[in-house]
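The sequence and the structure come first, and the notes follow.

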Amino acid sequence: MSFVNTFFLAALGAMALPVLFHFVRKMRARTVPFSSLMFLSATPLERVRRRRLRDVLLMMLRATILGLLVLAFTRPFLPPDQLPFAASEERESVVYLIDNSYSMQVDGVLDEARQAVLDRIDAADRADEIAVVTFSDFATQLSGFDADHALHRSIVGDVVASANRTTDFFEPLRLASELLESARHEARRVVLVSDMQQVGWTGPLDNWHLAPGVDFEPVDVGREVDANRYFGDVAVAVQRAGNEALVRIDGRVEVSAPEGGSVTSASVDLEARGGISDRAQISESSGGRFSFQRAVDRGGYFQGELTLPSDVLGLDNTFYFTQEIAQRPTVLVVDGTPSGSTGLIRGDAYFLEKAFAPDRARQAVGQFSFERAQRRTLSAVPSTTTILFVANLASLTEREVAGLQRFASEGGNVVVTFGDNLNVGAFSRSLQALGIATVSGVTRPDVASVVGQVDWRHPVFAP
């Protein structure tokens, strides 16, 4: 036998008090002068003996009461190892991992997970210690190991809430393994309550496992929910078609179902800025793919949303998009080649026009807006210009250099090309003013040093 409060055993000496009082206060006969005893009768010897026995029993009862009172304060108990005939209780240390990721927001799934944990807490031995952890793509410890089951019931019922994040099982399992290292009981268990999304079984779990002796109990919830449709892959692209921009929206509808179901039939609605609306039907035969094309005749931002029919999880039934529609790039050329040049002597602007606006001769609108400008434009380049070509100028004036610097500092792009008109000394000073480079000289090959000849049959010269 052992005692919780052994220092109270010193009070057992109080049991001697009734014995002491019994002997101190014991009645002794004494002689009393009396006139006559004729009218008194002698006390029977049996009654005297009974009285003595009663006094002894009363003394023992008082001593026993004091002894029991002392034992009540010492709180005696029998250790389990001293009771080999009694069945020993196996107490557990249990970590509950509750999935609160985005997919658990399906109607009733998170409530089902909470109830599964509450049922196990109610069925647990009152000496079992419990820890509660919630997780999505990261784990959060809500309570440490404790045998206060009422506290854990309150945490599971009131604190556990859903999060708009993905699922990853590695972090909660790693945290549970760390918590169990400080557990008090030898029996240890991890209970994972989740809808078991396959995406949650990530690469780190391939070469990782719980410590030996730790039991693992998976609790799969949400198996009875209906299918959930969501946008799995949406891409928005812009293609230029003259003055208009063609916005193309391609995507696919995925389905999450208990048996991994597929898309049977559904519709995708498009609502965009400017009152644009459209609908696309999808089916299993198309793999759930859909496509929209809309022509936009002005720049800015093309904004809209894609919508699926309502299902068990409404949060993923809408996809919002914003796409910038840039203006058609403008190519501006200032060419110093003398006008009227023909034959093999062509100005730089001629070749640039064939590259950026090949259909201009047919009055067709291409992807670029191509313009030629006079040299005076260099002093104040239009802000709508995307690329400025300065071609075959002998030199630049201070005013032109200032205009180019201002245009470049505002985000413009400048390309400088040299030609036969180049004045090496003057242009070097202009380039130094721009802070980019210097020209040391011009290398002119001999007539025989021809790299290639011009083939006028090439399609670029066809117009």
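Which are the buried residues of helix α8 (residues 424–434)? They are Ala-426, Phe-427, Ser-428, Ser-430 and Leu-431. The model is predicted, and this assignment is computed from its coordinates.

**Helix α8 and its surroundings**

The packing partners of the buried α8 residues are α7 (398–409) and β18 (413–417). Just after α8 comes Gly-435, which takes a positive phi of about 75°.

**Confidence**

For the protein chain the mean pLDDT is 81, with 86% of residues reaching 70 or more. Where pLDDT is low, predicted coordinates should not be read in detail.

Val-268 is a residue of strand β10 (residues 265–272). With a relative accessibility of 0%, Val-268 counts as buried, because the cut-off for that class is under 20%. Leaving aside neighbours within four places in sequence, Val-268 is in contact with Phe-231, Val-253, Asp-278, Arg-279, Ala-280, Ile-282, Phe-290, Phe-292, Leu-306, Thr-307 and Leu-308. One of these partners, Val-253, is 15 residues from Val-268 along the chain, and the two C-alpha atoms are separated by 8.8 Å.

Three further partners, Phe-231, Phe-290 and Phe-292, also belong to a cluster in which ring pairs link them with Phe-319.

**Aromatic pairs**

How many aromatic pairs does the structure hold? The count is 11. One of them joins Tyr-350 and Phe-351 in an edge-to-face arrangement, with 5.2 Å centre to centre and 85° between the planes. Tyr-350 counts as buried because its relative accessibility is 15%, whereas Phe-351, at 39%, counts as partly exposed.

**Surface patch**

A nonpolar patch on the surface is formed by Leu-12, Met-15, Leu-68 and Leu-71, which together have about 310 Å² of accessible area. Met-15 is placed in the loop between β1 (2–3) and α1 (16–24). The relative accessibility of Met-15 is 31%, so this residue counts as partly exposed.

**Accessibility values**

The table collects the residues discussed above with their relative accessibility.

| Residue | Relative accessibility | Class |
|---|---|---|
| Val-268 | 0% relative accessibility | buried |
| Tyr-350 | 15% relative accessibility | buried |
| Met-15 | 31% relative accessibility | partly exposed |
| Phe-351 | 39% relative accessibility | partly exposed |

Technical notes. Residues numbered from 1 in each chain as written. Predicted model: local features only at pLDDT ≥ 70, side-chain atom pairs only at ≥ 80, totals over all residues. Heavy atoms only, no water. Phe/Tyr/Trp six-rings, centres within 6.5 Å; stacked < 30°, edge-to-face > 60°. Buried < 20%, exposed > 50% of the residue type's maximum accessible area, 1.4 Å probe, protein only. Helix = DSSP H or I, 4+ residues; strand = E, 2+ residues; numbered from the N terminus. Contact = heavy atoms within 4.5 Å. Patch = residues over 30% accessible without salt bridge, like charges linked within 9 Å, V, L, I, M, F, W, Y side chains within 5 Å. Areas by Shrake-Rupley, 256 points an atom, 1.4 Å probe, with all protein chains shown as cover. Salt bridge = Lys/Arg side-chain N within 4 Å of Asp/Glu carboxyl O. pLDDT = per-residue confidence, 0-100.
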